[in-house]
Amino acid sequence: MAAHPADPAVPRTALVLTGGGARAAYQVGVLLAIAKLSPKRKQNPFPILCGTSAGAINATGLACLADDFGKATMVLASIWKNMHARDIYRADALGIGATGARWLSSFALGWLIKHPPRSLLDNAPLRRLLSQHLDFTGIDRAIQKGALHAVSVAASGYDTGENIAFFQGHPDAEPWKRTQRHGIRTDITVDHLMASSAIPFIFPAIRLNREYFGDGSMRQLAPISPAIHLGAERILVVGAGRAREHQERRTSEGYPPLAQIAGHTLASIFLDGLAVDIERLQRINHTLSKIPEHVRAEAGISLRPIETLVIAPSERLDRIAAEHARALPTPVKIMLTGLGAMNRSGGALTSYLLFEKPYTRRLIDLGYADTMARSEEIGRFLNF
């Protein structure tokens with residue numbers, strides 16, 4: 001039987017890491033700052049870890065080393081600070097050319113193509129990277145030690161349309177079922193991370209059991225919900241973009257390029273659900289604050305107030321991406337140029353695919369600075 005996290009008097013805190021491709025480097029900067037602020041660097045301040053898409057990779061990385069939080073953050077930082085696009089997807093001329101040829105053939109000779117292309121990019125290198133750096137046996141070890149209560153990874157089923165939170169945790173953590181979303185107990189593997197981070201159209205879907213799954217941000221009606229179901233009493237949410245950044249007014253005389261349309265679509269997938277869910281939680285908290293606790297108990301109201309803190313970039317990540325887009329390998333730049341992504345209006349799409357260290361290091365520095373600027377607030381929230 002696994003042990004419970006140490007002090008039951010301390011509210012159980014969850015960390016929710018959202019999706020966003022290369023933007024998730026920002027989360028690593030936040031984690032480095034939290035480790036710096038913590039008086040007990042080894043102790044994991046987040047017994048519940050929930051991640052989606054690239055955020056699922058970061059959350060699982062923490063879970064694998066949850067018995068040494070400081071070390072976990074340093075390992076993640078080392079990976080992201082030295083990242084190249086070729087570590088995530090085929091970025092060489094042959095890989096990009098082969099994918100492009102399959103798409104052209106599919107459009108021109110669709111009736112002759114028996115196996116149509118599955119994605120814009122081949123992310124086989126990501127699987128190798130995850131297998132090399134993540135020791136999934138560490139998750140159960142951390143649960144046994146009481147350093148971790150549960151970790152969840154969200155993915156979206158293409159057949160059922162349901163958003164599934166796959167979780168591994170203490171026996172007390174129970175599965176749940178809500179409209180179009182479920183929590184399913186399992187052992188987290190590299191396949192779950194590949195599925196959760198399979199950005200639609202860009203990366204291929206992954207088969208889990210009998211269904212193909214894609215990026216967990218799709219149809220994620222309540223991104224914070226898994227943390228609450230797993231027992232969180234307070235939640236720190238780290239975003240990968242400003243919630244309204246794609247709604248800021250822009251003027252353009254011409255038709256928007258494909259990259260701008262794609263970037264707008266991805267922003268809708270990755271950002272809007274979180275903003276709505278946070279607003280919903282704040283309304284519930286406000287309503288519950290008006291009802292005395294004993295009245296709620298007598299009425300059988302199971303809802304409980306959840307303290308929430310959100311950390312999000314203070315700068316627009318699409319603009320930062322536009323500044324560093326030239327760091328991409330030449331074949332990728334050629335492909336993105338054709339989509340109109342190598343200019344300011346197409347920076348949103350580039351910001352999700354720019355897995356190059358000039359950009360990821362810039363985001364890590366931004367995450368660190370944003371967090372340190374709120375050190376007192378974060379210290380109070382985490383009882384540092």
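**Charges on the surface and in pairs**

Student: Let's start with Asp191. What does it form a salt bridge with?
Tutor: Arg127. The closest N and O atoms of the pair are 2.8 Å apart. Keep in mind that this is a predicted model.

Student: Where do Asp191 and Arg127 sit in the chain?
Tutor: Asp191 is in helix H7, residues 190–196. Arg127 is in helix H5, residues 124–133. The pair links distant parts of the chain, 64 residues apart.

Student: Why does Asp191 count as partly exposed?
Tutor: Its relative accessible area is 28%. Partly exposed runs between the buried cut-off, under 20%, and the exposed one, over 50%, so Asp191 falls in that middle class.

Student: And Arg127?
Tutor: Arg127 is partly exposed too, with a relative accessible area of 30%.

Student: How many salt bridges does the structure hold?
Tutor: Eight. One of them joins Glu315 and Arg362. Their closest N and O atoms are 2.8 Å apart.

Student: Which parts of the chain does that pair link?
Tutor: Distant ones, 47 residues apart. Glu315 lies in the loop between strand E10 (307–311) and helix H11 (317–324). Arg362 is in helix H14, residues 357–372.

Student: What about accessibility for those two?
Tutor: Glu315 has 31% relative accessibility and counts as partly exposed. Arg362 is partly exposed as well, at 25%.

Student: What does Glu377 pair with?
Tutor: Glu377 forms a salt bridge with Arg374. The closest N and O atoms are 2.9 Å apart. Glu377 is partly exposed at 31% relative accessibility. Arg374 is partly exposed with a relative accessible area of 24%.

Student: Which residues do shared partners join into one network?
Tutor: Asp67, Arg141 and Lys145. Salt bridges that share partners connect them.

Student: New topic. Which residues gather in the patch of positive charge?
Tutor: Lys81, Arg86, Lys357 and Arg361. The patch is on the surface.

Student: Where does Arg86 lie?
Tutor: In the loop between helix H3 (69–81) and helix H4 (93–108).

Student: Is Arg86 buried or exposed?
Tutor: Exposed. Its relative accessibility is 55%, and the cut-off is over 50%, so Arg86 passes.

Notes: Residues are numbered from 1 along each chain as its sequence is written. This is a predicted model: local features need pLDDT of at least 70, side-chain atom pairs count only at pLDDT 80 or more; totals for chains, interfaces and linings use all residues. Side-chain values use heavy atoms; hydrogens and water are left out. Patches are made of residues with over 30% relative accessible area and no salt bridge: like charges are joined within 9 Å, nonpolar side chains (Val, Leu, Ile, Met, Phe, Trp, Tyr) within 5 Å. Accessible areas come from the Shrake-Rupley method with a 1.4 Å probe; for residues, only the protein chains shown count as cover. A salt bridge is a side-chain nitrogen of Lys or Arg within 4 Å of a carboxyl oxygen of Asp or Glu. Lys and Arg count as positive and Asp and Glu as negative; His and the chain ends are not counted. The place of a charge is taken as NZ of Lys, CZ of Arg, CG of Asp or CD of Glu. Helices (H or I, at least four residues) and strands (E, at least two) are DSSP runs, numbered from the N terminus. Buried means under 20% relative accessible area, exposed over 50%, partly exposed in between (1.4 Å probe, protein chains only).
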